[in-house]
Amino acid sequence: MRMGSKRQLWVMMGLISLPLLGETWYVRGDGGTRHSAKVPSGQCDGKADAAYRGKGTDQHCAFKDYRYLWDDQSYGNNAWVIAGGDTVIIRGGPWRVGFDAAKGKGAGYTWCYGGQGPYACTNPRIPAGTPAQHTRILGENHANCSNGNVTDRSKLTQIFGGFGVGEALNLGGAQYVDVECLEITSHATCVNHGSPMLPRGCSHGNPLDDYDSEGIKTDIHTHDLLLQDLYVHGHTDRGIKGAIGGVVTAERVDIAYNGMAGWDFDDGSGSNHGYGTA
């Protein structure tokens, strides 16, 4: 082989061995709506930590709502825009999960438009990362979210479930995923457990109260998960519920003041499957 060909081969091998760098996605209050093939009028692509400039479509700017990460508000579309190994930075907040509380507020009932009722209007399965590159869902202060071994709650980004949604954060099937620097809560003014129910029991019919059941859901396919600097509280049922299928690392995770239990490994089938108790 000639010297020039050898150099070319080494360059090509070097390029092949470079680590793949995932995209970084941004959510912030001054961003725009999500642009997609189904919604060409969308304002932002979600790939820049920048505000929407006020005109134009498919601009290089952040999404203005956390739910745009998996819902472009077209009929029946319920899939993450991110890919495995990507990073999401969530700024500002608090950020709602589920239907809006009333028609005419924000995007109204267009969230989960087509096929999903309010109870199931949570995020779909998060795209799996790899052992070398996890998918990351991060609050904006993730790099400086604790003082020593204590989470600084003033730095947490809040997401909350409402209008009857099952869980604020669905980690069912999540694999090689990091979740950091988030407050995961509910703004409910009702409860689903206790006797007497104080201040009152939640309405599950029409009208439906603005509550969620669980903070986080897992299942038998959930493994290689990092939960770090989380405050999971105020849910009408469990803080975290579901089986797990492998290692879950919890670092500075506070689960408190939930209606029935903190962390429940019940998979809902009448017997526990997976690892661990709490």
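User: What should I know about the model before reading values from it?
Analyst: The model is predicted, so local features need pLDDT of at least 70 and side-chain atom pairs count only at pLDDT 80 or more, while totals for chains, interfaces and linings use all residues. Residues are numbered from 1 along each chain as its sequence is written, and side-chain values use heavy atoms, with hydrogens and water left out.

User: How many helices and strands are there, and what makes a stretch count as one?
Analyst: The protein has one helix and 14 strands. Both are DSSP runs numbered from the N terminus: a helix is H or I over at least four residues, a strand is E over at least two.

User: Why is Cys112 called buried?
Analyst: Buried means under 20% relative accessible area, exposed means over 50%, and partly exposed lies in between, with a 1.4 Å probe and protein chains only. Cys112 has a relative accessible area of 5%, so Cys112 is buried. Cys121, at 3% relative accessibility, also counts as buried.

User: How much of the whole protein counts as buried?
Analyst: Of its 278 residues, 48% count as buried.

User: How many disulfides does the structure hold, and which pattern do they follow?
Analyst: There are four. With bonded cysteines counted along the chain, the pattern is 1-2, 3-4, 5-6, 7-8.

User: What makes the disulfide of Cys145 and Cys181 right-handed, and which parts of the chain does it link?
Analyst: The torsion about the S-S bond of Cys145 and Cys181 is about 85°, so this disulfide is right-handed. The pair links distant parts of the chain, 36 residues apart: Cys145 lies in the loop between strand E4 (135–139) and strand E5 (146–147), and Cys181 lies in strand E9. The S to S distance is 2.1 Å, and both Cys145 and Cys181 are buried.

User: What makes a set of residues a nonpolar core, and which residues have the most contacts inside the largest one?
Analyst: A nonpolar core is a set of buried Ala, Val, Leu, Ile, Met, Phe, Trp, Tyr and Cys residues joined through side-chain atoms within 4.5 Å. The largest has 46 residues, and Tyr66, Leu69, Leu171 and Leu227 have the most contacts inside it. Among the strands that each supply at least two residues of this core are E1 (24–32), E9 (175–186) and E11 (223–233). A second, separate core of five residues includes Cys145, Leu156, Cys181 and Tyr231.

User: Which residues does Leu227 touch?
Analyst: Contact means heavy atoms within 4.5 Å. Leaving out residues up to four places away in sequence, the residues touched by Leu227 include Leu171, Val179, Ile240, Val248 and Trp263.

User: How do you know that E9 and E11 pair?
Analyst: Two strands pair if DSSP finds at least two bridges between them. E9 and E11 have eight bridges and pair in the parallel sense. Leu182 stands opposite Leu230 in E11. E11 also pairs with strand E13 (residues 248–256), in the parallel sense over eight bridges. In E11, 10 of its 11 residues are buried.

User: Why do E8 and E14 stand at the edges of their sheet?
Analyst: The open sheet has four strands in the order E8-E10-E12-E14, with parallel pairing. E8 and strand E14 (261–264) each have a single partner strand, so one side of each is left without a neighbour in the sheet. Within this sheet, strand E10 (residues 212–217) and strand E12 (residues 238–241) pair over two bridges, and Ile216 stands opposite Ile240 in E12.

Notes
Disulfide = S-S within 2.5 Å.
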